[in-house]
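Take a look at the model below. Then read on for a short tour.

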Amino acid sequence: MDPFRSAVLRVVRAVPEGRVVSYGQVALLAGRPGAARAVGAVLRGLGEADGDVPWQRVVNARGGISTYKVGHGELQTALLESEGVELRGERVDMARYTWWPDDELARRMSGVCAQPT
DNA sequence: CGTCTGACGCACC
DNA sequence: GGGTGCGCCAGAC
């Protein structure tokens with residue numbers, strides 16, 4: 001009942017363990033390029049029923065942990081490290097951990113998943 | 001409708 | 001590297 005929210009959760013759920021994506025990336029993959037802030041708003045509203053959404057794999061474009069602003073920075077960092085993502089200071093090495101769906105997966109996500117060249 | 005807000009991003013300085 | 005400003009989208013009033 002909320003296309004945007006559904007698309008966001010679908011994309012985030014597709015991110016593999018040990019990999020990360022940025023808010024802007026999620027927005028793009030969800031079919032709303034530019035709606036990075038709105039993605040954060042969706043994740044901010046996650047509840048108990050969304051326990052299968054790996055929100056910790058979403059960081060900002062520079063690999064920074066944005067959840068410190070809402071008091072979840074320590075938790076997110078711990079969760080990421082527990083799945084093998086190394087943090088340099090308070091940031092993730094995006095060149096090394098960023099995930100993009102391959103064509104096959106993109107097809108399965110049945111959305112507007114244009115992959116940047 | 002108009003305004004404000006923010007788990008953002010980018011161009012600048 | 002840090003800091004500022006502005007545009008962005010979706011929601012809440």
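Predicted model: local features only at pLDDT ≥ 70, side-chain atom pairs only at ≥ 80, totals over all residues.

Residues are numbered from 1 along each chain as its sequence is written, chains are lettered from A and ligands numbered from 1 in the order in which they are written, and side-chain values use heavy atoms, without hydrogens and water.

**The DNA side**

Start with DNA strand C. A residue is near the strand if one of its heavy atoms lies within 4 Å of it. Of the atoms of DNA strand C that come within 4 Å of the protein, 64% belong to sugar and phosphate. By class, this surface has 4 charged, 2 nonpolar and 1 polar residues. Here Asp, Glu, Lys and Arg count as charged, Ala, Val, Leu, Ile, Met, Phe, Trp, Tyr, Cys and Pro as nonpolar, and the others, Gly among them, as polar.

| Residue | Atom of DNA strand C | Distance |
|---|---|---|
| D2 | phosphate oxygen | 3.3 Å |
| R32 | phosphate oxygen | 2.9 Å |
| R37 | base oxygen | 3.0 Å |

**Helix α3**

Helix α3 spans residues 36-44. Helices are DSSP runs (H or I, at least four residues), and strands are too (E, at least two), numbered from the N terminus. In α3, V39, V42 and L43 are buried, meaning under 20% relative accessible area with a 1.4 Å probe, protein chains only. They lie on the same side of α3 because they cover an arc of only 95 degrees around the axis. That arc is taken from the directions from the helix axis to the C-beta atoms. On the other side, R37 and R44 are exposed, that is, over 50%. The cover over the buried residues of α3 includes α1 (3-13), α2 (23-29) and β2 (58-59), with contact meaning heavy atoms within 4.5 Å.

Note on methods:
Polar contact = N/O pair within 3.5 Å; in protein donor to acceptor, adjacent residues only side chain to side chain.
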